Amino acid sequence: MYNIGMNKLSIEKKTQVITALVEGNSIRATCRMTGTAKGTVTRLLASVGKACALYQDKHLNNLTSKRIQCDEIWSFCYAKQKNVPENKQGQFGYGDVWTWVALDADTKLTVSFLVGLRNVECATHFINDLKDRLANRIQLTTDGYKVYLDTVDDAFGSEIDYAILDKLYGKEPEQQKRYSPAKCVGTVKKVIQGNPDNEAISTSYVERQNLTMRMSMRRFTRLTNAFSKKIENLEYAVALHFMYYNFARPHKTLANPYPRTPAMAAGVSDHIWTIEQIVKLVSRE
């Protein structure tokens with residue numbers, strides 16, 4: 001079985017492999033669970049992940065979102081930043097990598113995402129992509145990362161209600177410094193543009209998505225060796241995750257009046273997708 005190529009896998013076997021991946025299993029664990037070769041699993045992830053990225057880029061448009069929350073989540077690729085070889089220093093895909101996420105607070109739809117660096121260039125691309133997917137004025141909340149100020153202003157101008165939620169942190173306990181973040185002791189809301197609803201100034205939902213990502217993608221798990229060795233595989237894994245999250249996984253907060261996915265709540269889909277449908281995107285795209 002370990003010599004079976006990807007093009008010879010049945011749709012049932014492909015579905016089994018992708019199911020294992022979206023439920024947070026590593027590549028090697030997926031190989032052991034499904035009896036599939038590592039190269040086959042990696043190639044399947046690449047083909048399905050690319051199809052998922054193309055599908056979402058094409059269909060997550062003209063959205064009528066009202067409240068959007070943005071955040072960035074850290075991971076690393078190839079090696080941690082301090083261990084990147086000198087000949088690979090400064091090259092994207094070696095060391096720190098950040099995934100930018102824009103989440104609709106009402107439908108829980110991930111409207112836009114970007115795997116890149118935590119800098120002005122990636123922030124500009126991310127915010128412009130977000131704007132292009134929206135059909136109306138929104139209320140936007142971000143954290144206090146300063147690059148948002150100019151990029152949001154350049155993209156939206158005065159056509160936005162924008163606020164920042166700054167978090168205040170206490171001193172880190174010395175014995176827990178390596179493993180635990182400092183305790184959040186308070187928040188400060190700052191209105192930047194327009195007239196945002198004070199009660200809706202929050203990043204709680206998008207920060208909860210950070211936990212979902214760490215639980216659903218083995219590459220984001222902290223303090224393990226389950227990191228991406230190639231940046232392309234990280235990008236494919238992120239695209240697959242959000243395709244599953246947006247279209248195939250019913251969200252508990254959207255169960256009334258019936259089980260729905262974020263895509264259904266946002267009017268982008270009319271049904272709950274199956275993993276098999278996601279796998280079949282490869283032939284459609």
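**View 1. Ile 11 in helix α1 of the predicted model.** Ile 11 lies in helix α1, and the model shown is predicted. Its relative accessibility is 26%, so Ile 11 counts as partly exposed. Setting aside residues up to four places away in sequence, Ile 11 touches Glu 276, Val 279 and Lys 280. Val 84 is 73 residues from Ile 11 along the chain, and the two C-alpha atoms are separated by 39 Å.

**View 2. Helix α1, residues 11-22.** Helix α1 has 12 residues. From the first C-alpha to the last, α1 reaches 16 Å, close to the 16 Å expected at 1.5 Å a residue. After α1 comes Gly 24, which has a positive phi, near 95°.

**View 3. Buried residues of α1 and what covers them.** The buried residues of α1 are Lys 13, Thr 15, Val 17, Ile 18, Ala 20, Leu 21 and Val 22. Their cover includes the helices α2 (27-34) and α3 (38-59). The cover also includes α6 (204-216), α7 (231-248) and α9 (275-279).

**View 4. Ser 75 in strand β1.** Ser 75 is placed in strand β1, which covers residues 67-77. Ser 75 counts as buried because its relative accessibility is 3%, and buried means under 20%. Apart from neighbours within four places in sequence, Ser 75 is in contact with Gly 95, Asp 96 and Val 97, and also with Phe 220 and Leu 234.

Methods:
Residues are numbered from 1 along each chain as its sequence is written. This is a predicted model: local features need pLDDT of at least 70, side-chain atom pairs count only at pLDDT 80 or more; totals for chains, interfaces and linings use all residues. Side-chain values use heavy atoms; hydrogens and water are left out. Helices (H or I, at least four residues) and strands (E, at least two) are DSSP runs, numbered from the N terminus. The expected span of a helix is 1.5 Å times one less than its number of residues. Buried means under 20% relative accessible area, exposed over 50%, partly exposed in between (1.4 Å probe, protein chains only). Contact means heavy atoms within 4.5 Å.
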